[in-house]
Amino acid sequence: MKGIIFRSLEELVVENLGMGAWNALLDEHSPEHRSYVSAVSYPDEELFALANGVATKMALPLPEVLGVFGRFLFGSLAAKHPTVLAELDTFEKLILAIDSVIHVEVAKLYDEPNLPQIDAKIVNDSEIVVEYRSPRKLCFCAEGLIYGAADHYNKQIEISHTSCMHNEDDHCRFVVTMLS
Ligand code: HEM
Ligand code: ZN
């Protein structure tokens, strides 16, 4: 996982729990107390361990922590890469473009990123179905990222996670309902 993802987690933890809490998480879960560099890849296990550490510290279930993190992460990614989103002026356009535009650009900007496969289809004016496939099974983070994208366009949405790789399904499926 790229350092930019770890840096966003650091920002979220420092904002909510303080620098001391982040340093304590690093003491426990990060070799040599790392300073993460955005474009460098670090082991996925390290991100999972840090996220688990946050869940323990806050007495929250891990999926909830990953969801909150994903929602926050969207803002970090959008701020770091404004040009990638420049042409995507609606929530629907952005969701349809995750695989075909956004992550294609990401693959040009970063050296060998590990990206998921995301297929989105418009069902009708108020519903989009999104399918998520990835060996990293970060579907709760993906769900949070979709909520973060809705925040970005001031849209109200609701997501139901109707199939899940964590329940032995082949892939995850989100039904995104647009309420505004
Ligand atoms: C990685 C989903 C938008 C850049 C990921 C991952 C997920 C994801 C779930 C974790 C890897 C995995 O699951 O296999 C999404 C969704 C988006 C979105 C659902 C929109 C709703 C963006 C945007 C950017 C971006 C706007 C930047 C312009 C990245 C980067 C990584 C990543 C840099 C890390 C790759 C690595 O660590 O090697 N994305 N993403 N994503 N995404 Fe996205
Ligand atoms: Zn899932």
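**Domain layout**

Into which domains is the chain divided? The chain falls into domain 1 (3-60) and domain 2 (91-178), with bounds that come from an automatic or database domain assignment, and 23 Å separate the centres of domain 1 and domain 2, taken over C-alpha atoms.

This is a predicted model, in which local features need pLDDT of at least 70 and side-chain atom pairs count only at pLDDT 80 or more, while totals for chains, interfaces and linings use all residues. Residues are numbered from 1 along each chain as its sequence is written, and chains are lettered from A and ligands numbered from 1 in the order in which they are written.

**Annotated region**

UniProt, in an unreviewed entry, places the feature "domain: 4-vinyl reductase 4VR" at residues 117-178; such annotations may be inferred rather than shown by experiment. Over residues 117-178 the chain is 23% helix and 47% strand, and the end C-alpha atoms are 22 Å apart; helices (H or I, at least four residues) and strands (E, at least two) are DSSP runs, numbered from the N terminus.

**Surroundings of ligand 1**

Ligand 1 is surrounded by 28 residues, of which K2, H81, P113, P116 and S134 are the closest, a residue being counted if its C-beta atom, placed from the backbone, lies within 6 Å. Two or more residues of this shell come from each of α1 (3-17), α4 (62-80), α5 (82-85), α6 and α7, and α7 gives the largest share, five residues. Domain 1 (3-60) and domain 2 (91-178) each supply at least three residues to the shell around ligand 1.

**Helices α6 and α7**

The axes of helix α6 (residues 91-109) and helix α7 (residues 139-152), lines fitted to C-alpha atoms over the stretch in contact, come within 9 Å and cross at roughly 145 degrees, on a scale from 0 to 180 degrees between N-to-C directions. The contact, for which C-beta atoms placed from the backbone must lie within 7 Å, is made by F91, L94 and I95 of α6 and I146, A149 and A150 of α7.

Note on methods: Two residues are in contact if their C-beta atoms, placed from the backbone, lie within 7 Å.
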